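Please look over the structure shown here with attention to its sheets, one of its helices and the surroundings of its ligand. The briefing below takes these topics in turn.

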Amino acid sequence: MHTIYIEEGGYEEKTPVITDIRFTLQEGEIIGLIGGNGAGKSTTIQAMLGTLPYVKGEVTLPTFGYVPERPILYDYYTLAEHIHLLVQCSAQPETVQKRAYELASLFKLDTHFEEYPTTFSKGMQQKVMLILAFAPRYSFYIVDEPFMGLDPQAIRALIRLLIELRDEGATILLSTHALDTAEKMCNRFLCLHNGVLIAQGSLQALQQHRDEPLLDIFDRVIDEVTYASIS
Ligand SMILES: Nc1ncnc2c1ncn2[C@@H]1O[C@H](COP(=O)(O)OP(=O)(O)OP(=O)(O)O)[C@@H](O)[C@H]1O
């Protein structure tokens, strides 16, 4: 289990955008990080990655796989060369290479190895990031908006992949606006609003016997904190 505590964090010390973010990460679970635009999801992830300019708190994590919100690709490397670079940096090159090629086949990129990912469509570029993040086996993954731009078959393949990794014991932090999908696959949720964690727990715990979908829960907890702050 890992405990994350971000007392405050942001892009400059005098104006923190996230405060008092505290949660645990358990083995074998998918945790949904949800919140509206500007709620602080990416900022929280950056604090965990160690790339946020200002962080006060405690964030210690094991080595992890990371799918960024926007693809990060090399201009002059083909897909095969991107995979080769990953394999070269790996402690288990043969296993990683085999799995990368299996994932390329799963995401239907196996006829594009000699092409340059910077010329790929948005969804294809996202698939490259998924291949590179999931080819090595980690105990922990941070996955930021992974469904964006993917076609329905790829979304289904990714959901199955994440569930399979979770069932093998991995911990996955999944930031997403796809609440219908998150509702079906996440064990717990972290609900962010205005840089604050306004609720967290399993779907059942957050529903409070109301049998609401996740979107309604989210609207309700925002109303509750808004009402509490003005009354
Ligand atoms: N590079 C930056 N410099 C200054 N402020 C930033 C920067 N990036 C984000 N912010 C601010 O931090 C706050 C939280 O933004 P963040 O990107 O974490 O939200 P988000 O929940 O990931 O939103 P979205 O769903 O739109 O991706 C917002 O007020 C945003 O304007």
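An open sheet of three strands has the order E2-E1-E4 with antiparallel pairing, where strands are DSSP runs of E with at least two residues, helices are DSSP runs of H or I with at least four residues, both numbered from the N terminus, and two strands pair if DSSP finds at least two bridges between them. Strand E2 (18–25) and strand E4 (54–59) stand at the edges with a single partner strand each, so one side of each is left without a neighbour in the sheet. The model is predicted, so local features need pLDDT of at least 70 and side-chain atom pairs count only at pLDDT 80 or more, whereas totals for chains, interfaces and linings use all residues. Residues are numbered from 1 along each chain as its sequence is written.

**The antiparallel sheet and its helix**
- Neighbouring strands of this sheet are turned by 15° against each other on average, direction ignored, with axes taken as lines fitted to C-alpha atoms, for helices over the stretch in contact, and angles running from 0 to 180 degrees between N-to-C directions.
- Seven bridges pair strand E1 (residues 2–10) with E2 in the antiparallel sense, and Tyr-5 has Arg-22 in E2 as its bridge partner.
- Helix H1 (residues 41–49) packs on the sheet and touches E1, E2 and E4, its direction making about 115° with that of E1; contact requires C-beta atoms, placed from the backbone, within 7 Å.

**Strand E3 and its parallel partners**
- Five of the six residues of strand E3 (residues 29–34) are buried, so the strand is largely enclosed by the rest of the structure; buried describes a residue with 20 or more other C-beta atoms, placed from the backbone, within 10 Å of its own.
- E3 runs parallel to strand E7 (residues 171–175), to which five bridges join it, and Ile-30 stands opposite Ile-172 in E7.
- Four bridges join E3 to strand E8 (residues 188–193), also in parallel, and Ile-31 has Arg-188 in E8 as its bridge partner.

**Helix H4**
- Helix H4 (residues 122–134) reaches 19 Å from its first C-alpha to its last, close to the 18 Å expected for its 13 residues, the expected span being 1.5 Å times one less than the number of residues.
- H4 is mostly covered, with 10 of its 13 residues buried, and among the elements covering these residues are strand E5 (65–67), helix H3 (93–106) and helix H5 (152–167).

**The ligand**
- The residues around the ligand include Tyr-11, Val-17, Lys-41 and Thr-43, where a residue is near a molecule if its C-beta atom, placed from the backbone, lies within 6 Å of it.

Note on methods. A residue is buried if 20 or more other C-beta atoms lie within 10 Å of its own, exposed if 12 or fewer, and partly exposed in between; C-beta atoms are placed from the backbone. Two residues are in contact if their C-beta atoms, placed from the backbone, lie within 7 Å.
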